[in-house]
Each structure stands twice: as structure tokens, then as C-alpha cells.
Amino acid sequence: MTGQAFSRQYRLTKAEEYQYVFDNARRFGNPAFTLLVRPNNLGYPRLGLAISKKNVKLAVNRNRIKRLIRESFRHQLSELPSVDIIAMCRTGAVVLPSAEILKQLDSQWHYMRKKLDTHSTTDRSS
């Protein structure tokens, strides 16, 4: 992938795919976002978005947050392990400027990679 598109291959598209992640996910969070992560066997990461009206009232704000999450994911795609990710935001995310949202997401991707690498390393040694 050239890093210029977010093709269907990298998306969670079906209810069953979302349910798979919700059923038994590892949770990574910060004050603005929560990432639910579960390994997949596809060899590449996939992203699903669950941005609720309860947390982000206006459609324009939900769409901005979703666009920023997709952009951040697309830039991190080559670095991420083979996992399914559902990104959710908290109420505080709506007041953050776009640059801060991208910064927080980048730190979340980095933290998630670090924790998953540590977790898989300990799994292999057992």
C-alpha cells in the first residue's frame, strides 16, 4: 500500500468482525481515545470506528474525528502488527484541535505496538 488510500481491505466492515474484537479485546486508552485490539491471522492490521453520538453530538465533529483516526491509521499501517482495531473516542476528544488528536493517536499506536510486542515476546518464551 502506498500510504495514500484507506482501502476496504484494511477496514472492519461486517458486524461479525466488530463482534470478534468486542468479545475479547485488549484495551488501550488515553483521556481522548480507547483502542480495542485483537490479533488476526491476515498479516495486516484492520481498523473499525465506533464513534458514538452519545460522546460526540454533532455529525461534523464525529466525521472530523473519524477522518483523523483513518489518516493516522493509514500513516502507521506499515508499522502496526496483524491486529483488528476498533477506535472509540471519549467526550473530551471533540474539543481537541486536529493536531493534538493526531499526536495522541500516534502515541497510542506506539504504545500499543510496544505492549503487543512485549506480550508476544513473553508468550513465545512460555
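Reader: Which residue is the bridge partner of L47 in β4?
Author: I85 in β4 is the bridge partner of L47. Strands here are DSSP runs of E with at least two residues, helices are runs of H or I with at least four, and both are numbered from the N terminus.

Reader: What kind of model is this, and how are residues numbered?
Author: This is a predicted model, where local features need pLDDT of at least 70 and side-chain atom pairs count only at pLDDT 80 or more, while totals for chains, interfaces and linings use all residues. Residues are numbered from 1 along each chain as its sequence is written, and side-chain values use heavy atoms, with hydrogens and water left out.

Reader: Back to β4. How many bridges join it to β3, and do they run parallel or antiparallel?
Author: Four bridges join β3 to β4, residues 83-89, and the two run parallel. Two strands count as paired if DSSP finds at least two bridges between them.

Reader: What order do the strands take in the sheet?
Author: The order is β1-β2-β4-β3. The sheet is open, has four strands and shows mixed pairing. β1 and β3 (46-49) are the edge strands, each pairing on one side only. Neighbouring strands are turned by 25° against each other on average, direction ignored. Such angles run from 0 to 180 degrees between N-to-C directions, with axes as lines fitted to C-alpha atoms, for helices over the stretch in contact.

Reader: Which helix packs on the sheet, touching β2, β3 and β4?
Author: Helix α1, residues 15-23, does that. Its direction makes about 100° with that of β2. Helix α2, residues 59-76, lies across β2, β3 and β4. α2 runs at about 170° to β3.

Reader: And β1 with β2? In what sense do they pair?
Author: Antiparallel, over four bridges. β1 covers residues 26-29 and β2 covers residues 33-39. They form a hairpin with three residues between them. In that pairing, F28 has L35 in β2 as its bridge partner.

Reader: Is A32 buried or exposed?
Author: Buried, at 3% relative accessibility. Buried means under 20% relative accessible area, exposed over 50%, and partly exposed in between, with a 1.4 Å probe and protein chains only.

Reader: What is A32 in contact with, leaving aside its neighbours within four places in sequence?
Author: M88, C89, R90, A93, L96 and Q104. Contact means heavy atoms within 4.5 Å.

Reader: Charges next. How many salt bridges does the count come to?
Author: Two. The rule is a side-chain nitrogen of Lys or Arg within 4 Å of a carboxyl oxygen of Asp or Glu. R46 meets E17 at 3.2 Å, N to O. That pair links R46 in strand β3 with E17 in helix α1, 29 residues apart. R46 also meets D84, at 2.9 Å, N to O. D84 sits in strand β4, 38 residues from R46. Together, E17, R46 and D84 form a network of salt bridges.

Reader: Why does D84 count as buried?
Author: D84 counts as buried because its relative accessibility is 2%. R46 has a relative accessible area of 11%, so it is buried. E17 is buried as well.

Reader: Switching to rings. How many aromatic pairs does a search of the whole structure find?
Author: Three. In one of them, the rings of F28 and Y111 have centres 6.0 Å apart and planes at 80°, so the pair is edge-to-face. Phe, Tyr and Trp rings (for Trp, the six-membered ring) pair if their centres lie within 6.5 Å; planes under 30 degrees apart count as stacked, over 60 as edge-to-face, and the rest as tilted.

Reader: Which parts does the F28 and Y111 pair tie together?
Author: F28 is in strand β1 and Y111 in helix α3 (residues 98-125), so the pair ties together parts 83 residues apart in sequence. F28 counts as buried, at 3% relative accessibility. Y111 is partly exposed, at 36% relative accessible area.

Reader: Last one. How do the elements of the protein chain run from the N terminus on?
Author: They run α-β-β-β-α-β-α. That covers three helices and four strands. Of the 126 residues, 40% are buried.
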